[in-house]
Every structure is written in C-alpha cells, then in structure tokens.
Amino acid sequence: MSRLDAVRYPALLAPFALGVHTLRNRIVHASMTTRLSVNRRVTDSLITYYANRARGGAALIVTEPVSAARFQLAPQKVRIWDEESEPGLARWAEAVEREDCRLLAQLQDPGRGRHERGRNPDAVGVSALPDDLSWTVPHVLSTAAVERLVAEFADSSRRLQRCGFSGVELSAAHGHLFHQFLSPWMNAREDRYGGDLDGRCRVLSELVAAIRGACGPRFIIGIKLPGDDGIEHSIGPPEAALIARQLTGSGDATGIRGVDYLCFAQGSHAESLDRHLPDLHGPRSPYRTLTRSLKQAVPGVPVMALGLITDPAEADGILASGGADLIGLGRPLVTDPAWGLKASQGREADIRYCVSCNSCWAAITEHRSIACDNNPRVGLVDEVDWWPGPARYAKRVVVVGTGIAGMEAAWVAAARGHEVIAFGAGAAPGGKTRLMTRLPGGEGLSSIYDYQALAAKKAGVRLEWGVRATPEDVRSLTPDSVIVATGAVMTWPRGFPDAWREEGLVPDLRACIAALLGFTQRQAGTAVLFDMDATEGTYASAELLRQLFDRVVIVTPRDRIAEDVPLVNRLGIVRRFAHQGIEVMTLGRIDVGSSLEDGVVQVGNVYTGMLTAVREVALLTYATPRAPDLSEIDGFAGGGDEIYVIGDAHAPGSTMAATAHGHRIGNLI
Ligand SMILES: Cc1cc2nc3c(=O)[nH]c(=O)nc-3n(C[C@H](O)[C@H](O)[C@H](O)COP(=O)(O)O)c2cc1C
C-alpha cells in the first residue's frame, strides 16, 4: 500500500509493532471456524480461504481453532499434534505469510460449552457443573491432565513455529475451556487451577510461559478474553480488567509477562451467546466503550477491538481515538476478503459489506462449510476483488424482477458483456429485502442490493423502474435469454375462512408491514400474528407491531418460535421479546370460530383443540410459507431461447439462496 493510501485511513493503515514483528496495517482477521478441513487435515480450500484474506489486505490472521492436544478429537478441526500434520501446516503458513500477513493458530478447547442440540459426551472440563446452554456436564480434567494439556499445547506451538506460523492466539472467551477456568461461576476446582484469581488464571499463565519457553521471543502470543460474559456471578467488566492485569503482569510484579496482545469478546455458552455475534438490533461496534476501558487497565499492552465493526471509517475512528491498537474483523472478512485492499484504494463503495445476519455462523453450526448471504464466492480461488471475465458470446438478456436474485444475475451477466435489461416493478432495487431493511435490526441488509446496484451501473445494466413486465414487453425486446425473478407471495393459511380473505379482513404480514411503516401513531388493541414462517423477518415485524400496538401475540402451531433462525439470533429474539412483552402462544391455530368483527380471536391447541380467546384484537395477520405465482412465470416461456426462473420464483428460500442462485445464473448464461 502506498503512502497516499495510508493518508485515507491513517490510523487503520498505519504499521504496528507487535512483539518483534511489524504489521503492515491494523487489520486482523478474527478466528472463525470454517469447516473447510477434511479428516482433520489442511485442505486446498482451507488454504485458499485464508490466503484470499491475506491477499485482500489483512496484516494478521488468526485461524480457526486447531486441535493441539491428543484428547481433542473434534472432526472439523485441523489436528496439529502429530508429525503427519506438518506438510499441510507448512503449506498453510506459506500461503498466508508470503502475502506479508502473519498467521496465528487459535488454540482452545470448547470444554463443556456447546451450542448445538444435545449434550457433548466427549466434553472435558474444569468442574462437574452443567454448561449454561446445553447442560452438558463435562469429564473433569485432573490436575495432571491440565499439566499435560499445557505441555502438549506448548509442543504443538513449537510445531506450528517450525511449519512457519508466526504465533498463536489462546482463546479464553466465548465460554470455552479457558474461559471456564477463569470464571468463578464455572470453576469450582480445589486444586491450584481454581480458587482465587491467581488460581483461576493459572492455566493461562502457565500456557503463556510454556509456549514462550518453547518458541522464544519472536513467537506472537495473543489471548482472547471475556470482556463481559453476561452471566451473573461470572466475568463482568471489573473481573475482566483484573484478569487482563493478572495475565499481562501490569501492576503485578508476580504476573507473567509475555502476552503480545489482548482481545476482548462478549457472551458465553449461555443465554448471553447472542452477544458474541452482535447484530443490528443494537448499536454498531457495541463493545467500543468497554474495550477502551479495559485497555486502560493494561497500559502498554496492545489491545484489539472486535465486534460489529464493519466500516473502515468506523475502524479508523476507534484507533484514532485511542480505543484500541488493532481492529479484529470476523464476519466482515467472510463477506469481503478484499475489505482492506478496497479501503486502502478509496474504493469503500466496492466493499461487499457484512449484513450481520449470522448465516455464516448458522452454516458452520449446521456442519456446512462457511458461507455468506452477501458473498456467493466464499473461498473460491478468484474470490478477492472478483469481477467476471467476458462471456463467449454476447447475448441480449431480459431480467424480470429486481429483488436480490434478479439484481445479482443482472449485474453479473452484464459484467460478462451481455446486454442486460432489467424490469423492476418498484422504484428501486431490493424487492422484499428492501422492506426488511426498514424493520428493527434489518438496516444492514441494504448492503446486498446497494452493492448490486452499483455493480449494475458499472456493468451497464439498463434498469427500467416501475414496470411490471408482461410477456409481451419481454418478447418485444427479442432477448436470447430471459431471467424470471419475480419472487413469491405468502400462501393463504389453510383453515382460515375464505370470507376473511374476500372481505380483506386479514392481510399477509408483508402487506401489513408495508402499510404500517409510515405510521407513528399508536394503535389501540392487540395485534395477533399467526406464524408459520419461523424466519427472522417475522419476528422483526412483530417488534415493529409492538411499537404500534398495545399488545402483540404470536400464535404458532410449532412448539417454539424462530426455529429456522440461527441460535445466536434466536436468543436475541427471545431476549427482546421478553423485554418488550411480546407474547407467544405455541401449539396454536387460529380457530374458524373467531369473531374478528368483535375483536375476538380464538386460538385452538393443535392437539386438544382447547380454545383460548385473545380479546380486543385490532389486527390479525399471518406469515406463511411463500409460493411463486407460476401462471405468471409460464407466460414468459417463449420470450427467448433460454428461460431461467431464479430465487423465490423458483423455490422460495433464504437470502443466501437468492444471491447464490442469481450469481450462478448470471455466470452461466
Ligand atoms: C462463523 C463464525 C465462526 C466463529 N468461530 C470462532 C471460533 O472458532 N473461535 C473464536 O474465538 N471465535 C469465533 N467466532 C467469533 C469471532 O472471532 C468474532 O469474535 C465475532 O465474529 C465478532 O466479530 P465480528 O463482529 O467482526 O464478526 C466465530 C464467528 C463466526 C461468525
């Protein structure tokens, strides 16, 4: 990066002395599980994923957690404790380090922590106490087993160093094993690894000393700590400051020096899990103030800010104001590996921004490879600053529908040299996603269509707004290919009387929200939302309804809400519902005996039929599975040689499915 580049974000792009190393800037890739390894070994896809982020501008990369001790058997983690791992580790390190990016492996163990369904029978832990979320009770590590762990982690660190890694990050955050040692709520040990602060910090102090002893002063050692784990009697900000001081030796002559940086995260394997991946239901960079105060507790120790920092200006501001020394980026670098490169070139508008939806987290916790709503090319060889190459033959392509599937297909096809005309029924791109951006917490989603609109302009897409294109409109353009991206509509709930529809008494949630968005005046009475959708937008809509109505009741035939939402987001939803007083009636159906004219909705139990009346109902609305309007789609057949039906018009699904489908078809035609 040139001197001129450094002027743009002077703090973010300034070099930084970390240990004996000089980082080229302050951008750090935070540790994220990718599930790109196979059989516990490094793969080409894993190397490509990390090399892309190094090439894209990160100065320091912390890998996903690796298995550094023999008892660690997790199938998704790269095993580093045996000699056979060395060739893979060496290739991994070489691919990243040659981009002038230092590579640190994250060492940790989840301990009793688990955020998947069921309990973990392989869990080892600090004490025989249940995990706050999964209620897993771990097999307790004996004193000798802890000592063995320390020794094995040090040996594995030495192996990493031999293979070309610059260091390690010990994760003692997020409710993992070392967090469990630190926390008085989770650590009830009576040996020297429990008890007072000294005892609870001992395993980490010994690890730092052992790794430093094995790897020497050039090896970077960072620690990720809880800044506030959100659990009563555990680690709040005052305890976090004490731990940080203890581990870095600041103000304590007996403490062990040797930690090169600290990073503070939030939340735990508990009801507070959602706080480790903050979304836009709260403020941006929500841990900024806390990180600044914790930095003051450890003068002279480099501190990394982390958590919902998505924008280069925001990152630069945090550094410039002295709130941190480094900027950790997790999800933003999944979405755009070239985040740093584009920022340094003054191309902020070209960044595909993280929308904080946590689909990446959902992917890995559902045992899929990491994936992103706003990056259809995660981990591909050509991912960094991708722009398509030319198509073999230039065609005329008509796109009907400018939601996120249609827009993605349109810009990609145009960038490949096709002549693209896209019809949008509204006045702007985004379709139903645009509506979602106006709901509580939805604002970030605009980054998807904002990027697409900019790319479409650059690629020369002809956008025709306010046109609900007919088959004749399409045919008159004599296209070679037609892409139909007309979306889908909510189905009328089975069992609801037709008369309610005919009389317009019960609008679907989308229509209802579109009508209510302008309202600021409170509405008397209760809003009842019948939920057969279980996705994020439904619950954000409920929050909007709650801003307007005296009471909001969600009725679902399932035994709980938000089942199709990643657990981290679901915990946020139930937390907010509790605070806002949004009520949920599970195992319920709206009964035909309801008298809407009298403001009475009868909810029948799906098993017993037993009725419960909800009174003073001012609004009944529904969110149901969507279906495309096939008759409309059939009309477009014959418009061109090729017809592609994409996104919700093909199969109603997720945001990720829509962008991915549009991207694939844009590349195919
Ligand atoms: C998909 C995903 C996987 C993650 N896996 C880990 C992990 O294995 N270890 C860890 O310390 N943090 C993990 N994190 C947390 C991130 O390091 C980071 O603390 C968090 O994403 C907040 O930063 P962000 O707002 O920049 O994404 C993960 C986050 C995501 C999104």
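This is a predicted model: local features need pLDDT of at least 70, side-chain atom pairs count only at pLDDT 80 or more; totals for chains, interfaces and linings use all residues.
**Exercise 1.** Determine in what order the 8 strands close into a barrel, and by what angle neighbouring strands are turned.

*Solution.* Strands of a sheet pair through backbone hydrogen bonds, either parallel or antiparallel. In this barrel the order is 3-4-5-8-9-10-11-12, and the pairing is parallel. Neighbouring strands of the sheet are turned against each other by 30° on average, direction ignored.

**Exercise 2.** Describe how strand 5 and strand 8 pair, and state which helix packs on the sheet by touching them.

*Solution.* Strand 5 spans residues 102-107 and strand 8 spans residues 167-171; 4 bridges join the two in the parallel sense.

**Exercise 3.** Characterise the packing of helix 13 and helix 15, including the handedness of their crossing.

*Solution.* Two packed helices are described by the angle between their axes and the distance between the axes. For helix 13 (residues 404-415) and helix 15 (residues 446-459), the angle is about 30° and the axes lie 8 Å apart. Angles under 35 degrees count as roughly parallel; helix 13 and helix 15 are therefore roughly parallel to each other. Their crossing is left-handed. Helix 13 contributes Ile404, Met407, Glu408, Trp411, Ala414 and Ala415 to the contact, while the residues from helix 15 include Ile448, Tyr449 and Gln452. By class, the contact residues comprise 12 nonpolar, 1 polar and 1 charged.

Terms used
Residues are numbered from 1 along each chain as its sequence is written. Side-chain values use heavy atoms; hydrogens and water are left out. Axes are lines fitted to C-alpha atoms, for helices over the stretch in contact, and angles run from 0 to 180 degrees between N-to-C directions. Angles under 35 degrees count as roughly parallel, over 145 as roughly antiparallel, 65 to 115 as roughly perpendicular and the rest as oblique. A crossing is left-handed if the near helix is turned anticlockwise from the far one by less than a right angle, and right-handed if clockwise. Contact means heavy atoms within 4.5 Å. Ala, Val, Leu, Ile, Met, Phe, Trp, Tyr, Cys and Pro count as nonpolar, Asp, Glu, Lys and Arg as charged, and the others, Gly among them, as polar. Two strands pair if DSSP finds at least two bridges between them.
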